[in-house]
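The following exercises are to be worked through with the sequence and the model at hand. Each task is followed by its solution in steps.

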4 protein chains.
Amino acid sequence: MLIVMKPDATPTDIERVLETIEKLGYKPHTLPGANRTAIGITGNDGSVDPAHFENMPGVADAIRVTKPYKLISKDLRPEKSVVKVGTATIGGDELAIIAGPCAIESFDQVFSVAEAVAESGAKFFRGGAFKPRTSPYAFQGKGEEGLRILAQVRDQFGLNIVTEAMDERGVDLVEKYGDCIQIGARNMQNFSLLKYVGKTRKPVLLKRGLSATLDELLLAAEYIMAEGNYDVILCERGIRSFGTHARNTLDLSIVPAIHNVSHLPVIVDPSHGTGRNYMVKPMARAGVAVGADGLIIEVHSNPDQALCDGAQALTPRQYLELFKEVQAIHQALLPIAV
Amino acid sequence: MLIVMKPDATPTDIERVLETIEKLGYKPHTLPGANRTAIGITGNDGSVDPAHFENMPGVADAIRVTKPYKLISKDLRPEKSVVKVGTATIGGDELAIIAGPCAIESFDQVFSVAEAVAESGAKFFRGGAFKPRTSPYAFQGKGEEGLRILAQVRDQFGLNIVTEAMDERGVDLVEKYGDCIQIGARNMQNFSLLKYVGKTRKPVLLKRGLSATLDELLLAAEYIMAEGNYDVILCERGIRSFGTHARNTLDLSIVPAIHNVSHLPVIVDPSHGTGRNYMVKPMARAGVAVGADGLIIEVHSNPDQALCDGAQALTPRQYLELFKEVQAIHQALLPIAV
Amino acid sequence: MLIVMKPDATPTDIERVLETIEKLGYKPHTLPGANRTAIGITGNDGSVDPAHFENMPGVADAIRVTKPYKLISKDLRPEKSVVKVGTATIGGDELAIIAGPCAIESFDQVFSVAEAVAESGAKFFRGGAFKPRTSPYAFQGKGEEGLRILAQVRDQFGLNIVTEAMDERGVDLVEKYGDCIQIGARNMQNFSLLKYVGKTRKPVLLKRGLSATLDELLLAAEYIMAEGNYDVILCERGIRSFGTHARNTLDLSIVPAIHNVSHLPVIVDPSHGTGRNYMVKPMARAGVAVGADGLIIEVHSNPDQALCDGAQALTPRQYLELFKEVQAIHQALLPIAV
Amino acid sequence: MLIVMKPDATPTDIERVLETIEKLGYKPHTLPGANRTAIGITGNDGSVDPAHFENMPGVADAIRVTKPYKLISKDLRPEKSVVKVGTATIGGDELAIIAGPCAIESFDQVFSVAEAVAESGAKFFRGGAFKPRTSPYAFQGKGEEGLRILAQVRDQFGLNIVTEAMDERGVDLVEKYGDCIQIGARNMQNFSLLKYVGKTRKPVLLKRGLSATLDELLLAAEYIMAEGNYDVILCERGIRSFGTHARNTLDLSIVPAIHNVSHLPVIVDPSHGTGRNYMVKPMARAGVAVGADGLIIEVHSNPDQALCDGAQALTPRQYLELFKEVQAIHQALLPIAV
């Protein structure tokens, strides 16, 4: 069930709807929009009787939800969500560029990259302190020490920090040191973890699983939002296919597919999405041209010696070229209002 | 590094090797085999010098490991592992049949199925108390109450309980009530959870992720074993493909592929692997014919009213037919010693 | 539209129905079954009015077809089709084993393999004279010379010859020298070629394309049958997936899926389906256990020196073991009447 | 083997190399480039001795080919090939836009679309006279009558005609009426057909098969070129994956992958690549941004009533918007010289 308020509904009208929902034993989710507020209802086992709401002051409509998701839906908020991440936003007119190394290796490594990222004009910095590695014997990240280095990057360069958490302890730490909690592709259906980050008040960057369908991705976001955290950014990072020319198959068609049904912003990761240095720039351009709200890019000052994913990292110079190219496309498309 | 002891090595010889490994700051993993004991070494950053071990009494060989995995490997234990689960085993000559409902719904539902399972002669009972569901609004399982019902099934029927855990709290509870901790396909690369179950002393049933390669599956098992829990059973449960005639594509070729490189037992799940009632029996037969060490089968006394995955559940009668058919194949292949 | 005749319909009744169909400008397809004859109608643009047939003598029912296929359907013939191939059959109680080398290389190579195949008791011999090779620079087959060698195999050993044609000229030659025309996976949707073999009177072995869905495979068979050739045998030979432990992913679940909707027999190709010598036996066993009507197996007297697909070819000795194992399974399942 | 001539090699030098190749019993393939001519050699069974050529006048180098392909390779022609199609080109600085209906249905339907295509400034018109349809009962195209309508479009609007052939008779007809022979995805590995178009002198648009790897696509082009037809344009049109939000997964990363190893131009088909009207524009933009040499777009004046693929066809108005948007991106990237 979804309650759409009239454009002129008062705060008291809204308050009364919320009270009614809670009295019925359900959970209300208020999403104010540009022209009207809508309130999603979760926690109901069966269907909710619209009669409870239809005649309440300020209520425009009580709509039964037929799709598997509620809170991610444009039915709830017709215009795109703009998510605040630290001092900047993702989902607005400006392209959100998140750049940085795959893994935090050392203070010097991180700072040399952060300098280039700040210079480009990007507002977000990425870097992993907890690394989900296929092998237990591979470098697993520097943990809290890495997060402290990231916090210094924010202090020094004013960049907002996006970094992954793999479990509850990690979420607590990223909440403390970072600005946005990344949930990796392998944890996209770690439902316990999704519920946990749903209870934090930090925005969440949710990466699509390697074989996740559109609905599975949207419902993973729904898990987070159902707990009360509505600041979710989706990320396409490549799917598993039979192909071998790239490490993954970057499925850009999911960007218009998401925008078609959801108000959530979506960014593209051409670094993991291709795994090949020479493909990152063209696929980043394609990601912006298709209408993504931003990009997440791996940059390393010395890709050959990266402890993780060196084959896909750009040098700072390549990154600056990429930044220029994608801005050119973004500018070219602005007047067309894609 | 892998230390192979001579067949006549004494406990003292083995003890000395373990001490040497620990003195070097590494972690030893002792896997006694039918003819000889081998000791895997983990925790080393670079390569280990074989000279430390080559001249020690009882040592037959010190072998450098070139593959990405160590402990799952037949290099460490050439014969298949037989894993003890409660009062029975998986991996030996007998086919291990694990049967039961998808989700624990009620005492009556569970007991009516358990009766059929016990009657068939199967030694393991399955049933989910924690259900990883694509939607946050779907039935999430009965939690600890469900586990208590499962414990009663064990008491009443002598069946050993295999049940899924989705997070650390769940692992603690399954350790308390069950006999085998199942890690689901969606958590196969939830590395924090793998490490956590690696520290328990209950056997682990590890299901292959929907798009996991052979190496990714083996390395997920390696995560568990590297923590000291060597009782791992692998499970093929269908992969994602373009196909639509079944819910997943049951990839039976991974059974000989696993047996080719690993000593771990592997079972097949034709219920999730097909998602279609009418395919479960033929694919169960195929799973046994290909050489799997067992099957995990969903049975429901009233599939039409199942809260979860009813389309793939067998009735008790269908299950008993399946049991008879797979035993016929198992018997037919015994003299051939496949 | 599908006309089902009464069990006691006379040849004259049937003849009249055929005449009526032809008078309407359509094409009748008569498929006599065990208990009744059914007549499929193709060539109609829109729907056919059942009133034309309902009151005709001997007509039991005139059924509108709602599925995309007509002639492959169990609606037309409820019991499985038994296809005559030379002096033997595929689809009956006996397991059809088709064995031989990937490519015809020389008289000696072919005869040494044919000896083993004949010795096993198999009734079909395979071997490619026209080879669809990924590279234009790879061995393309010996053409008509190869077909002549195959004809000698039939003369000498009484084996029925199954061999691939890639184009119309090839079809004409295979019709002349062989007993069954194989259409390869890469040509499964070469619709011009399907129509062409539909006009021959030799049985056709149609291999599933590497990414063909069930419906696409069935409709490819329908292309052949719509031209009047009803002797089609389907073949699962592995699909493309992300997996790397085998060359393809043998999708055995398509066997019960086909038997669920179609009367056509289906065989399994574990050689191409895995591309790995050590997997052929276990997957052949699984193919028989799942209910396939036969197997097609690559055998080479010297796999290391095969001009084509040596990695998957069995030695004659391995082939004889396989034959014994799959017969054991076939025997074990006979009393169960799978 | 590949013979690279010096920049100042004379026609006589080249002639002598060709004669030597032919005398050895091989086939020479001359590809003149911007700075030098290279000559590929095919028809050799084993390796060719470079000593035959190294000391000949005008020869710069004789290079052994280690990759599976020769003629498609940038080793043979380092700069991109510009393929002449009728009165225009594909592969040069200008974006090649090929637009038109899926199938030729009638003179009026075709002319109303052709008007919009000509108005946009596009230089190529598409439309199928022979339609490869999954079902034998679906509309199969108007055949030669359709081709005659296409020839009238060329006469009237000066548009160059790109249209599919499915067999040898079709190739002969397209050669007669059209400007470019399209080989569809389902025929990408119809090697007999590839050889046949390799003997024509019309350019060939070769679409990637639904599950073709990069190498398989390149080797299919190599089949055509090995016969002497070097005017090949590749086309990405979506691959089969598990995804359901689009009909296929448009794999744009293959564009830089092709440009990385081959001199052949490559275009993108966002219509078949997505199968969804609302995705065609964004994916067309992405295709241009990634660096494709052109686009092929389905346009229908009345998509709801199209006999084929209506769900993906753009209206003429949508097509004109798309044209504007992709030109804006093309212009934005020109100064960057992607």
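**Exercise 1: A strand pair in chain B**

Task: Determine through how many residues the hairpin joins β2(B) to β3(B), and in which direction the two strands run.

Solution. A hairpin connects β2(B) with β3(B) through four residues. The model is predicted. Strand β2 of chain B covers residues 27–32, and strand β3 of chain B covers residues 37–42. Six bridges join these strands, which run antiparallel. One of the pairings can be named: Pro32(B) has Thr37(B) as its bridge partner in β3(B).

**Exercise 2: The contact between chains D and A**

Task: State how many residues each chain gives to the contact, and describe the side of chain D.

Solution. Begin with the count: chain D gives 37 residues and chain A gives 37 residues. Next, locate the elements of chain D that touch chain A with two or more residues each: α8 (254–261), α10 (277–290) and α11 (316–333). The most comes from α10(D), with nine residues. Finally, sort this side of chain D by class: 23 residues are nonpolar, 11 are polar and three are charged.

**Exercise 3: Relating chain C to chain D**

Solution. As for the contact residues of chain C, 100% recur in chain D, so that the same surface serves both copies.

Note on methods:
Residues are numbered from 1 along each chain as its sequence is written. Chains are lettered from A and ligands numbered from 1 in the order in which they are written. This is a predicted model: local features need pLDDT of at least 70, side-chain atom pairs count only at pLDDT 80 or more; totals for chains, interfaces and linings use all residues. Two residues are in contact if their C-beta atoms, placed from the backbone, lie within 7 Å. Ala, Val, Leu, Ile, Met, Phe, Trp, Tyr, Cys and Pro count as nonpolar, Asp, Glu, Lys and Arg as charged, and the others, Gly among them, as polar. Two strands pair if DSSP finds at least two bridges between them.
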